[in-house]
Amino acid sequence: MSGADAGKEVPRIAVPEGAVQREAVPRCLACGGTERAPEAKVRAQMMATREDRAPFTFVRCTGCGLVFLDPRIPQDALGAFYTGAYLPYRGPRAWGPFAPVVAAGLWRQDRKRVALVRRHAEVGPGTRVLDVGCGKPSFLESLRRATGCAAVGTDFSDSGWRDDPGRWRELDLRVGDIHELHLAAHSDVITMWHYLEHDYAPAKTLERIRELAAGTHARLFVEVPDHDSWTRRRHGALWAGYHAPRHTALYDPDSITTLLERSGWSVVEILRRGSLDPFVLHWMSRMEARGIDWSESMASRAPGFLAGKVAWGVRFRGRRDGLGVLTAVARPQA
Ligand SMILES: [Zn+2]
């Protein structure tokens, strides 16, 4: 999740069709509605073999437009899909000699996040920042370096930071659920970079985040894949934004607004872009179409990736919006 690139080698576990029981999702995660229509049949993505690519169904809420997985894998069984083929966990080293290029891309991603936060919030030494689902907490490190803010990061696992405790010693990093998080003070800035699309109960999470926010001056930043985007229309069921079955919901400007407004937040701005380069979604979707083995080294694919990025830049010169990612900026309702 969220750029976690711990560089760990995870043992490969095959996930054949029907290997894990599924649970029904009776209500829309954003509006609570029960009416839905079929949206897409999507095979499990970022897997090693054809047998691992079990089919899943996404439905669209007819009330608010949220696209969500139904049935889905019970949350406590989802670990079966975070195998040795899960590229983010393998970090830049999965790209062999091209690792520095990938690391530079992640650095640029953090810079964009810092710039966005600073555009919407006064961040300085007195500011308390909470990053939910921080993975490898390089964004918090960058923001703290730039502003001197107090930074708290949470994740379900410490795999993003446990191997390098010295590097992160100025950050307050916690393992666990935000519903059980105890903070000395409320947060002025709360960020969720590619976290919410994984969340099985996003309304509950956003209500909890509202409790953790200091007053109405606080700002929330939520970046997710944009279902109403060029890459989704171009790739359909092979769109990497689905990330089946790890993404439980796909948002667009309407459905994320519905969810935020129902959870105690007012939308300040919806940006049709984010820190994640939408070319990455485009490239991953193309690799899904080819059915590649994601557990292999990516070194031989790096030249194609880089050439594709150049072609993408030419094709979309000057266009940044609506390509695959959206960011919602919100403030607590009074
Ligand atoms: Zn809905």
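Select Y82 to begin: its relative accessibility is 11%, so it counts as buried (under 20% relative accessible area; exposed is over 50%, and partly exposed lies in between, with a 1.4 Å probe and protein chains only). You are looking at a predicted model, in which local features need pLDDT of at least 70, side-chain atom pairs count only at pLDDT 80 or more, and totals for chains, interfaces and linings use all residues. Residues are numbered from 1 along each chain as its sequence is written, and side-chain values use heavy atoms, with hydrogens and water left out.

**Aromatic pairs**

How do the rings of Y82 and Y86 sit towards each other? They form an edge-to-face aromatic pair, 4.7 Å centre to centre with 75 degrees between the planes. Rings of Phe, Tyr and Trp (its six-membered ring) pair if their centres lie within 6.5 Å; planes under 30 degrees apart count as stacked, over 60 as edge-to-face and the rest as tilted. The structure holds 17 aromatic pairs.

Next, select W95 and F305. This aromatic pair is also edge-to-face, with 5.4 Å centre to centre and 65 degrees between the planes. It links distant parts of the chain: W95 is in the loop between α1 (87–90) and α2 (99–120), F305 is in helix α8, and they are 210 residues apart. Helices (H or I, at least four residues) and strands (E, at least two) are DSSP runs, numbered from the N terminus. Both W95 and F305 are buried.

**The nonpolar cores**

Keep W95 on screen and show what it touches: L87, V102, W283, M298, A299, A302 and F305, not counting residues up to four places away in sequence. Contact here means heavy atoms within 4.5 Å.

Now colour the largest nonpolar core, which has 43 residues. Such a core is a set of buried Ala, Val, Leu, Ile, Met, Phe, Trp, Tyr and Cys residues joined through side-chain atoms within 4.5 Å. Among the residues with the most contacts inside it are F56, F81 and Y242. Which element gives the most to this core? That is α7, with five residues. Another core, of 36 residues, lies apart from it, and I190, Y251, I256 and W265 are among its members.

**The strands**

Switch to a cartoon view and find the open sheet of four strands, in the order β1-β2-β3-β9, with antiparallel pairing. Two strands pair if DSSP finds at least two bridges between them. β1 and β9 (249–250) are the edge strands, each pairing on one side only. Zoom in on β3 and β9, which are joined by two bridges in the antiparallel sense; F68 stands opposite A249 in β9.

Then move to β4 (residues 128–132), which runs parallel to β5 and is joined to it by five bridges. V129 has A151 in β5 as its bridge partner. Strand β5 (residues 150–155) is largely enclosed by the rest of the structure, because five of its six residues are buried.

**The zinc ion**

For the last stop, select the zinc ion. Which atoms coordinate it? They are the SG atoms of C28, C31, C61 and C64, at 2.3 Å. Donors are N, O and S atoms within 2.8 Å of the metal (3.2 Å for Na, K and Ca); water is not among the atoms, so sites may look incomplete. In sequence, the donor residues are spaced C-x2-C-x29-C-x2-C. C61 counts as buried because its relative accessibility is 3%, and C64 counts as buried at 9%.
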